[in-house]
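Thanks for coming, everyone. Let's have the structure up on the screen, and then I'll walk you through a few parts of it.

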Amino acid sequence: MTETVKRSLRAGLRWTSLRLRLVVVFALVALVAAVSASGIAYWLNREAVLTRTQDTALDDFRRQMQETAAALPTRPTKDDLQRAAGEMASSSPGYSVLLVAERERGKPIVGYSDLDTFTRAHVPDSLQEQVARKQPLSSSNEHEYHLFWQRTSIAGTPYLVAGTRIIGGGPTGYMLKSLDQERQDLNSLAWSLGIATALALVGSALLAQAAATTVLRPVQRLGDAARKLGEGKLDTRLVVSGTDELADLSRTFNRTASSLEKKVADMSAREEASRRFVADMSHELRTPLTAITAVAEVLEDEADTLDPMIAPAVHLVVSETRRLNDLVENLMEVTRFDAGTARLVLDDVDVADQVTACIDARAWLDAVHLDAERGMMARLDPRRLDVILANLIGNALKHGGSPVGVRVRTEGEELVIEVRDHGPGIPEEVLPHVFDRFYKASASRPRSEGSGLGLSIAVENAHIHGGDISAANSPDGGAVFTLRLPRDAERIVRNDEPGADAPGEDGAT
């Protein structure tokens, strides 16, 4: 699996990814729309089914009451009521009938079409009260008694219960219609609507995925191209097709990348020309400087025999010649770092001996206190380590004053060398710039004995080893420079060799 595919999968699974948000929004909109449509459809169908069944049963019950119950005698017997209830139920669209009359006042008699299915106990009291209540006659009401109905549930089964009374002293009739078949039909409808909603949700998710792929693929390509551009691959370009906004964005990216590539190329060319100029100038200065240095040394030897008025000028010429010679050497070293031609020449070094040799060669033994154990070996470039130590210790002696402490220790696979002075320390505003080239801590002192390149050359030599140098102020006063180097720089040399494998991107799982 390539890294691009991995990145795409990770981006698609993030909760903050545009793809996931688009799919979720599509799904939510589809879910709300489907649930709303299904709910409305279910409610309309439910009312239509129940109203149709209810109206059919009530119309038939009313007709049966008018034709059968109304034909009974004023004082019917129980058999009369039983027979009439049976006739009404047998000719009805599936409901049971109960007829109630009075042979004598306060002594009701009841006739059932099915005693096991429908008794007077199944009729709600509220419905019995409404059926028995005589309605006042008016211009808008021509009948004393009306047909009333109610939906109820008996033993978990929905039923329609209705009742009315024959005008003029006839019996009261009740009917019980089961709505279980309608409930099953409505449950089937609900399942169908639920399945349709689920299918709509799945379809919306697939459509959202397709839309996200169509819209986000160019965005993903643009992101990959921007990432490559940020990694320094300035020749990265996008294949543009279409005329939409994303195509315009891709064209803008290509124009920006082309402009950036041209500017970087121009800057690189100018930088290369500048480095070449400094290197050529430094190289050309070495020949006349060699002659001037030789003359200056002769003048220095004869300074005591010269006119006292001329001797100070001779000493100034000698010191400035040496300073100029150091500056040229440092400039040539800097150009080698900038050009990437500096290389390590490794050797097994006893660090304590190396530090002692550096201090002794510059006659600093009386001004430097060394804390290092002999036998601490490291594989380093001894010349470059000497340059680093000379710059750090010399800088401490020059700006911090003696005594200067040098402490050597190891931390795992790292060699750590601390150089501490007992001077005033480094101002906080200067600390971020101590390793900058030609940086002056005080603008009022633009001229100094050094070249202004010592610390920058030291840190470059640390970097070429794969290490670093940091500067800080000690809580007890004074500045502390900490050099960290790998104890074995062999790996750095192997990576710098021509043909060494460059770090790449593994595109396989």
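First, a term. The bend at a residue is the angle between two fitted axes, one for the seven residues ending there and one for the seven starting there. Keep in mind that this is a predicted model.

Now use that term on helix 5. Where does helix 5 bend? The bend is at Leu-216, and the angle is about 40°. A proline, Pro-218, follows within four residues. What about the span of helix 5? Helix 5 covers residues 180-230, which is 51 residues. At 1.5 Å a residue, helix 5 should span 75 Å. The C-alpha atoms at its ends are 71 Å apart, which agrees. Just after helix 5 comes Gly-232, with a positive phi of about 100°.

Next, the aromatic rings. How many aromatic pairs are there? The count is 2. Take Phe-61 and Tyr-95. Their ring centres are 6.2 Å apart, and their planes stand at 85°. Planes over 60 degrees apart count as edge-to-face, so that is what this pair is. The pair links distant parts of the chain. Phe-61 sits in helix 2, residues 18-67, and Tyr-95 in strand 1, 34 residues apart. Are these two buried or exposed? Buried means under 20% relative accessible area. Phe-61 has 0% relative accessibility, so Phe-61 is buried. Tyr-95 has 3%, so Tyr-95 is buried.

On to Phe-435 and Phe-481. They also form an edge-to-face pair, at 6.1 Å centre to centre with 90° between the planes.

Last stop, the second largest pocket. Its volume is about 420 Å³. The lining has 18 residues. Which of them lie nearest the centre? Val-100, Ala-101, Glu-102, Arg-165 and Thr-172 do. Three elements each supply at least two lining residues: strand 1 (95-104), helix 4 (125-132) and strand 5 (172-178). Strand 1 gives the most, with 4 residues.

One link to take away concerns strand 1. Strand 1 holds Tyr-95 of the pair with Phe-61, and strand 1 also gives the most to this pocket's lining.

Notes. Residues numbered from 1 in each chain as written. Predicted model: local features only at pLDDT ≥ 70, side-chain atom pairs only at ≥ 80, totals over all residues. Heavy atoms only, no water. 1 Å grid on protein atoms, 1.4 Å probe; cavity = no way out; pocket = protein on both sides within 12 Å on 5 of 7 lines; lining within 4 Å. Points joined across faces, edges and corners; volume = space filled by probe spheres on them. Expected span 1.5 Å × (residues − 1). Phe/Tyr/Trp six-rings, centres within 6.5 Å; stacked < 30°, edge-to-face > 60°. Buried < 20%, exposed > 50% of the residue type's maximum accessible area, 1.4 Å probe, protein only.
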